[in-house]
Each structure stands twice: as C-alpha cells, then as structure tokens.
Amino acid sequence: MRKIIKEALLTLGLVTATATATVPGLAAASVQGESFDVLASVMEEHNKELSASAALESSKDEARRYHEAIIAGWWEFMQAKSNAKPGEYCAASFLRAKPLKEKGKPDSPKAGVVVTLFGPGGSYRGALLAFSPLGDESISGFPKLPSGSPVLVTLTQGNTKPVTLNAIYMKTRPKAPPLLAFAVPSIEALMQGMEDTWAFDVTYQGSSIANIEWHDGLRARTELKKCLSGIPFESKLQGGR
C-alpha cells in the first residue's frame with residue numbers, strides 16, 4: 001500500500017514508541033469486538049479447519065486441496081455484523097498460512113494469519129486494519145488481554161520503515177481468534193493505497209506474531225467497493241499465484 005496506511009496512522013497520532021501511547025478514545029469506545037459476529041463465525045470455522053488439517057488422513061484429497069488453497073491464500077468478503085444495513089460493516093479478509101516443508105511429504109500449512117480491512121459501521125465512521133491468528137501455533141504467540149485493551153506492537157508494511165504504535169486488542173467471541181486492530185481515518189484511505197501484492201509483519205515483544213502477504217488486492221478492492229455501495233458482491237475470491 002506504499003505509504004497510505006502509514007500516513008493515515010500518522011494522521012491519528014498513533015505512531016509512538018513510548019509505552020504511554022494511547023488508542024484514540026473514539027476507536028476504543030466505538031469499535032467493539034462483538035460487532036463482528038459474522039467475521040467471528042467465519043474465523044472460528046477456519047481456525048478449526050487449520051488446526052485439524054493434519055488429521056484429515058481419512059480424506060487425503062480434501063486435505064491436499066485445503067492445504068494448497070490456504071498456502072496460496074484467498075480473499076473473503078462480508079458484512080461483519082449480523083443485520084447490518086447495506087454498506088455498513090463491510091469487511092475484506094485475506095487468509096493465508098505458511099508452508100511447513102518436510103522431506104518426502106507434501107507441504108502442509110502452519111502459522112495462519114488473516115488481515116482484514118473494515119469499513120465504517122454504527123457510530124464508528126472510520127476504518128480498521130486488523131490482524132488475526134489462525135491455527136493453534138499462531139494463536140499461542142498472540143497476546144492474551146481483556147477485549148478493548150491497547151497493546152504496543154511494531155507494524156512493518158512492505159519495504160517501508162517499521163512503526164511502533166498501539167493496536168486495539170479485541171475478542172469477537174470466546175472461541176474465535178482475537179483481533180489486533182489499527183484505527184484509520186477512512187476506508188477510502190485504505191482502498192486508495194491497495195496494491196495488488198503487499199506484505200505485512202506485526203511484532204509483539206520482539207517476536208513476529210502476524211506475517212502475511214496478499215495477492216489480488218485490486219480485485220479485492222473492487223468487491224469491497226461493491227459492499228460499501230450496498231450492491232451485491234462476491235463472497236470469496238481465489239486466484240493470483
């Protein structure tokens with residue numbers, strides 16, 4: 001996304017290397033994890049699939065197809081809240097896992113991550129860039145905090161300079177993976193900077209907890225725009241590499 005997201009974060013005054021950095025009150029008060037119940041359901045199901053993928057020996061073809069798909073990555077689009085009005089709570093999520101290479105065996109997935117772009121909804125009229133773990137290995141490295149807590153992390157985008165800032169830690173429901181969300185002034189700022197391929201890395205206490213690169217970003221932006229306009233959109237987008 002070149003420097004668009006970085007500039008948006010700077011505009012909010014979030015780029016702070018001190019432990020006294022705070023999440024803007026509007027974002028913390030207005031964005032609640034339970035608002036994303038549809039996304040929570042989707043992520044909970046994918047987490048089960050990834051965590052259980054090694055146990056799919058009874059259906060090796062199904063397991064192989066799943067492994068190939070999650071390693072390649074795909075986009076999913078939705079209104080993240082139940083009964084949302086047209087154009088509200090639009091979300092575009094890219095899911096991907098790293099390949100685990102073992103000699104003499106097909107690649108299997110590990111360390112899954114989801115990056116999600118959220119549009120405005122309810123009283124919160126900004127946007128969010130959020131990261132979530134998928135699979136037991138990824139979840140174990142994520143912080144465990146009360147929902148709504150600020151957490152100091154370092155975000156690196158592509159080849160830009162890393163920035164240290166607070167994210168909002170959110171739980172969407174008990175068994176769903178948590179979210180680390182960055183408040184951004186507008187969904188237009190996020191979409192304007194979307195490139196076809198772009199990489200992110202989030203580190204917490206010196207360890208990488210979310211490392212992911214998306215593809216098909218321009219096609220994803222088209223579907224997200226449809227949702228924001230209140231017109232029918234695709235629910236899933238695969239392709240790329």
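Good morning. The structure is a predicted model, in which local features need pLDDT of at least 70, side-chain atom pairs count only at pLDDT 80 or more, and totals for chains, interfaces and linings use all residues. Residues are numbered from 1 along each chain as its sequence is written, and side-chain values use heavy atoms, with hydrogens and water left out.

I begin with the chain as a whole. The protein chain contains 7 helices and 10 strands; these are DSSP runs numbered from the N terminus, helices being H or I with at least four residues and strands being E with at least two. Of its 241 residues, 49% are buried, where buried means under 20% relative accessible area, exposed over 50%, and partly exposed in between, with a 1.4 Å probe and protein chains only. Contact means heavy atoms within 4.5 Å. Among contacts with a separation of 6 or more, 63% join residues 24 or more positions apart.

Next, the disulfide. In general, this is a covalent bond between the sulfur atoms of two cysteines; here the criterion is a pair of cysteine sulfur atoms within 2.5 Å. A search of the whole structure finds 1 disulfide. Cys-90 and Cys-227 form it, with their sulfur atoms 2.1 Å apart. Which parts of the chain does this pair tie together? Cys-90 lies in strand 2 (residues 90–100) and Cys-227 in helix 7 (residues 217–228), so the bond links parts that are 137 residues apart in sequence. The torsion about the S-S bond is about -85°, and the disulfide is therefore left-handed. Cys-90 counts as buried because its relative accessibility is 0%, and Cys-227 counts as buried at 3%.

I turn now to the interior. A nonpolar core is a set of buried Ala, Val, Leu, Ile, Met, Phe, Trp, Tyr and Cys residues joined through side-chain atoms within 4.5 Å. The largest has 39 residues, of which Trp-75, Phe-131, Leu-180, Phe-200 and Trp-214 touch the most other members. A second, separate core of 16 residues includes Phe-36, Met-78, Leu-179 and Ala-183. Not counting residues up to four places away in sequence, Trp-75 touches several residues, among them Phe-94, Met-194, Trp-214 and Leu-237.

Finally, the second largest pocket. Strand 9 (207–214) is one of the elements that supply at least two lining residues, and its 4 residues are the largest share. Thank you.
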